[in-house]
Amino acid sequence: MDPQPFGDAERSLMRTALHAAARGPRGANPLVGAVLVDATGRILHVGHHRGAGTAHAEVDVLERAASAGTDLRDTTMYVTLEPCNHWGRTGPCAEAIVAAGVPRVVFGAPDRTTAASGGSAAMRAAGLDVRSGLLADEAEQLNERWGETMRAQRPFVTLKVAQTLDSRIAAADGTSQWITSSSAREHGHDVRARADAVLVGTGTVLADDPRLTARTGDGGAVARQPLRVVMGLRPVPDRAAVRGTDGRFRHVTTHDPHSALAELYDAGVRHVLIEGGATTAAAFLRVGLVDEIALYQAPLLLGAGRAAFQDLRIGTLAGASRWQLDPTGGGPVQQLGPDLWIHLRPTA
Ligand SMILES: NC(=O)C1=CN([C@@H]2O[C@H](COP(=O)(O)OP(=O)(O)OC[C@H]3O[C@@H](n4cnc5c(N)ncnc54)[C@H](OP(=O)(O)O)[C@@H]3O)[C@@H](O)[C@H]2O)C=CC1
Ligand SMILES: Nc1c(N[C@@H]2O[C@H](COP(=O)(O)O)[C@@H](O)[C@H]2O)[nH]c(=O)[nH]c1=O
């Protein structure tokens, strides 16, 4: 596809779509935003994707148009990523756009996944005017790390840490429940609910006997539960709560983060939430397999106890693992009751 010239007005529309995209959470799917405009370029509706299993940005904006009774006959859709052409957890957007009767589409970055690509060809074949490449670099950058997970055919990895001001995740006697407030923990349960799997090491299972289920504020289980995964060589006790009774439990008997992710990818997992402990978190960080950090910072000091990361094997400042604030998905910083949620992504 040849890059085509776009004016300031169109760039500004795509920027609006990019801002909308950034409202979504990172995970199994890329962040995508869409803007629907009339023949004069006036914005009619703005939509974005809210994570795997929910409407894609294009469908979100079309649903808004449908509920408002918008006439789509002379509209243009600006979307940050090429509309998909496949049935994944939801239907093909290219088909939805054609069926809705939107005559013109401008998208930013091409869809490079083999499964979902081909949306522009399908829309052109249906007679739509399709242009591409508008702010493509920015659109690609937004989902850079997600693109890497696609190329590597591994799940996207979120690391969650609930820590004190002095970076402890448990006190000297091993107690750790709770360091963060109920508001922060509720936020953590929303992250669990979006993930395909929640993973901890054997040490956490033996110390905490966690359930690892996704629950609402009143303690009820949400409908879609993540796979509960324990990583390590020791057996998981028969009575461990993590086993549950729904069959959504897996013991990954390895210390190698690459093998663990490969096994989970083969099992259909596209987004893993690692909840610790210190040894497991460090193992993934050491090999660059953490794509985002959800850091819950509580205003406590313990002075001693388990440090958040067991041993990153960094001897000098030049070797520091560097992170930057991630404004997407409600970040970069939110106050949750007395705690802070800090959202980070790796510095490239
Ligand atoms: N505040 C918070 O956010 C959290 C706090 N915690 C706290 O952390 C503490 C547990 O920390 P920790 O023991 O480090 O917990 P881990 O859950 O990381 O368990 C460590 C164990 O996991 C196995 N393991 C898995 N992958 C690796 C690997 N790559 N390298 C080495 N071992 C691996 C090993 O067991 P095996 O011998 O079976 O192979 C190892 O002993 C508890 O006190 C818990 O309460 C835990 C989670 C979150
Ligand atoms: N201590 C601590 C957390 N700890 C994490 O939560 C797990 C318990 O999960 P569950 O049994 O499902 O409620 C525990 O094993 C550890 O992974 N999380 C937080 O948000 N804040 C906290 O202060």
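Helices (H or I, at least four residues) and strands (E, at least two) are DSSP runs, numbered from the N terminus.

I noted first that this is a predicted model, in which local features need pLDDT of at least 70, side-chain atom pairs count only at pLDDT 80 or more, and totals for chains, interfaces and linings use all residues. Residues are numbered from 1 along each chain as its sequence is written, while chains are lettered from A and ligands numbered from 1 in the order in which they are written.

**Backbone background.** Most residues other than glycine have a negative phi, and most peptide bonds are trans. I looked for exceptions.

**Positive phi.** I looked up Gln153, which is not a glycine and has a positive phi of about 50 degrees. Gln153 sits in the loop between helix H6 (144–152) and strand S6 (156–163). A residue is buried if 20 or more other C-beta atoms lie within 10 Å of its own, exposed if 12 or fewer, and partly exposed in between, with C-beta atoms placed from the backbone.

Asp209 is not a glycine either, and its phi is positive, near 45 degrees. I found Asp209 in the loop between helix H8 (202–208) and strand S9 (227–231). Asp209 is exposed because 12 other C-beta atoms lie within 10 Å.

**Cis peptide bonds.** I found a cis bond from Gln177 to Trp178, with omega near 5 degrees. Trp178 belongs to the loop between strand S7 (168–170) and helix H7 (182–194).

I also found that Gly331 and Pro332 are joined by a cis peptide bond, with omega about 5 degrees. Pro332 lies in the loop between strand S14 (323–325) and strand S15 (333–336).
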